[in-house]
Each structure stands twice: as structure tokens, then as C-alpha cells.
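Trainee: Could we go through this one together? I would like to learn how to read the contacts between side chains.

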Amino acid sequence: MSASDDELFGPEHVRVYRETGGEQGYDWRGTTILLLNTKGRRTGAERTMPLIHRTDGERFVVVASKGGWATNPLWFENLMADPDVTIQVKDEVIPVHAEVAKGAERERLWSLMTEVWPAYDEYQQRTDREIPVVVLSRR
């Protein structure tokens with residue numbers, strides 16, 4: 001991992017990740033990144049978001065934190081409107097179905113995610129909403 005990978009953010013992160021098949025941008029600030037591809041629920045426009053992820057068996061797990069803002073991130077709203085999407089993990093594009101984890105499963109997966117990004121706990125303290133933990137299963 002080069003120091004420049006840690007500086008990637010937003011559209012630049014997506015561009016570099018895609019151009020290199022994840023050789024750059026997959027490892028980021030001590031975490032691993034996938035690209036979530038959704039369609040805008042109003043516009044139908046293609047949207048791609050780089051997200052911290054972990055695996056849980058064959059499933060991929062992401063967190064809809066938005067840094068602890070009061071509202072969910074737009075990518076999460078788009079995902080809930082159309083949960084059958086694709087992700088890119090390194091150079092592999094994978095069709096997945098998204099579901100929000102609930103109850104004990106959410107708590108277990110939340111702990112899994114905070115192991116690699118402890119700031120999620122801080123984000124949860126900033127908001128009254130329960131930050132969604134999203135499970136992406138291969139279709």
C-alpha cells in the first residue's frame with residue numbers, strides 16, 4: 001500500500017480503484033474498501049461509493065454511517081429502494097442483494113466493523129438514529 005492510497009477520497013477513489021482493479025484503493029487507512037454501485041432512486045443515474053467493508057463468511061458488510069449525521073446517506077436510501085445491485089471487490093464485480101442487519105446479528109456485525117473503524121462508535125454517539133449495518137449477499 002502506498003501513502004497515496006490513504007489520501008484517496010470520493011470520486012477520485014472510485015476512479016483509481018476501477019483503473020487499477022483495486023490494486024490501488026482497496027487497502028485504505030488500515031481498512032479494506034469495496035465499490036458499491038447503485039442507481040439514484042429519483043434520477044436512475046449510476047452512483048458508485050467507496051465503502052469500508054469486512055466479510056462475514058461469504059457475505060460483505062458495510063455501515064451506513066454518514067459520519068453520524070441525523071439522516072442516512074443517499075447511497076443507503078438508493079440501496080433500500082433497489083437492493084439488487086453490484087459491488088466491486090478488487091477486480092471482481094459481484095451481483096449482490098442488500099439487507100439491513102437487525103437485533104443480535106446487527107450487534108455482532110457492528111462489533112466486527114468497529115474493530116477496523118472505531119470511529120463508527122463515535123458516529124453513533126452523534127446521532128439519534130440507529131446507524132444501519134448492511135449485509136450484501138451474492139445473488
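Trainee: Tyr120 and Tyr123 are both in helix H5, so what separates them, in helical turns?

Mentor: Keeping in mind that this is a predicted model, Tyr120 and Tyr123 are three residues apart in helix H5, which means that about one helical turn separates them.

Trainee: And is Tyr120 buried or exposed?

Mentor: Tyr120 is buried, with a relative accessible area of 4%, and Tyr123 is buried as well, at 15%.

Trainee: Which residues make up the aromatic cluster there?

Mentor: Tyr120 and Tyr123 form one aromatic cluster together with Trp110.

Trainee: Switching topic, how many aromatic pairs are there in the whole structure?

Mentor: A search of the whole structure finds four, and one of them is formed by Trp28 and Trp117, which are stacked with 5.7 Å from centre to centre and 25 degrees between their planes.

Trainee: Where do Trp28 and Trp117 lie?

Mentor: Trp28 lies in strand E1, whereas Trp117 is in the loop between helix H4 and helix H5, so the pair ties together parts that are 89 residues apart in sequence. Both Trp28 and Trp117 are buried.

Trainee: Okay, now Asp56: what does its side chain make a polar contact with?

Mentor: The side chain of Asp56, a residue of strand E3, makes a polar contact with the side chain of Arg108 at 2.9 Å. Leaving out residues up to four places away in sequence, Asp56 touches Val61, Arg108 and Leu109.

Trainee: Last one, which residue lies over the face of Tyr26?

Mentor: That is Lys90, at 4.8 Å from the ring centre of Tyr26.

Terms used
Residues are numbered from 1 along each chain as its sequence is written. This is a predicted model: local features need pLDDT of at least 70, side-chain atom pairs count only at pLDDT 80 or more; totals for chains, interfaces and linings use all residues. Side-chain values use heavy atoms; hydrogens and water are left out. Helices (H or I, at least four residues) and strands (E, at least two) are DSSP runs, numbered from the N terminus. A polar contact is a pair of N or O atoms within 3.5 Å; within protein, one must be able to donate a hydrogen and the other to accept it, and residues adjacent in sequence count only if both atoms are side-chain atoms. Contact means heavy atoms within 4.5 Å. Rings of Phe, Tyr and Trp (its six-membered ring) pair if their centres lie within 6.5 Å; planes under 30 degrees apart count as stacked, over 60 as edge-to-face and the rest as tilted. Buried means under 20% relative accessible area, exposed over 50%, partly exposed in between (1.4 Å probe, protein chains only). A charge sits over a ring if NZ of Lys or CZ of Arg is within 6 Å of the ring centre and within 35 degrees of the ring normal.
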